[in-house]
Amino acid sequence: QVRLVESGGGLVQAGGSLRLSCAASGRTFSNGVMGWFRQAPGKEREFVASITWSGSTNYANAVKARFTMSSDNAKNTVYLQMNSLKPEDTAVYYCAARPNVPGGVFSSWGQGTQVTVSS
């Protein structure tokens, strides 16, 4: 079982920045994929970004050019740098992990961290 712990959420004004961290422990997936998802009140959880252990990234259109996902494999930690934040970025942000195999699903999830962007 992979244990994921997010940190770094908070309250920020529109246009500001935050950096989220997600530390993985336990039976981490070798050559796995880590992802960030978010869920706003009354909405379904949505994909934000993902990164493979080789560093390949993928982003949702809504956050491209504003968010950057990175990883420190030695620390089993991934980050989400969020710049130019907008009120619509307000959500609970979740870290997730999956094996890097065809059809692999995100099966390990963190508890989430709240990000609130005020206008």
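**View 1. Arginine 38 and glutamate 46 meet through their side chains in a salt bridge, with N to O at 2.6 Å.** A salt bridge here is a side-chain nitrogen of Lys or Arg within 4 Å of a carboxyl oxygen of Asp or Glu. The model is predicted: local features need pLDDT of at least 70, side-chain atom pairs count only at pLDDT 80 or more, and totals for chains, interfaces and linings use all residues. Residues are numbered from 1 along each chain as its sequence is written, and side-chain values use heavy atoms, with hydrogens and water left out. Arginine 38 is buried, at a relative accessible area of 6%, whereas glutamate 46 is partly exposed, at 38%. Buried means under 20% relative accessible area, exposed over 50%, and partly exposed in between (1.4 Å probe, protein chains only).

**View 2. Arginine 38 also forms a salt bridge with aspartate 89, the closest N and O atoms being 2.9 Å apart.** Arginine 38 lies in strand S4 (residues 33-39) and aspartate 89 in the loop between strand S8 (77-82) and S9, so this pair ties together parts that are 51 residues apart in sequence. Strands (E, at least two residues) are DSSP runs, numbered from the N terminus. Aspartate 89 is buried, with a relative accessible area of 1%.

**View 3. A salt bridge joins the side chains of arginine 66 and aspartate 89 (2.7 Å, N to O).** Arginine 66 sits in the loop between strand S6 (57-59) and strand S7 (67-72), and aspartate 89 in the loop between S8 and S9, so the pair ties together parts that are 23 residues apart in sequence. Arginine 66 counts as buried, at 10% relative accessibility. Across the whole structure, the search finds three salt bridges. Arg38, Glu46, Arg66 and Asp89 are linked in a network of these bridges.

**View 4. Cysteine 22 and cysteine 95 are joined by a disulfide, S to S 2.0 Å.** A disulfide is a pair of cysteine sulfur atoms within 2.5 Å, and a search of the whole structure finds one. The link of cysteine 22 and cysteine 95 is left-handed, with -80° about the S-S bond. Cysteine 22 belongs to strand S3 (residues 18-26) and cysteine 95 to strand S9 (residues 91-98), so the pair ties together parts that are 73 residues apart in sequence. Both cysteine 22 and cysteine 95 are buried.

**View 5. Serine 50 is found in strand S5 (residues 46-52).** Serine 50 is buried, with a relative accessible area of 11%. Not counting residues up to four places away in sequence, serine 50 touches Val33, Met34, Gly35, Ser56, Thr57, Asn58 and Met69. Contact means heavy atoms within 4.5 Å.

How values were computed
Helices (H or I, at least four residues) and strands (E, at least two) are DSSP runs, numbered from the N terminus.
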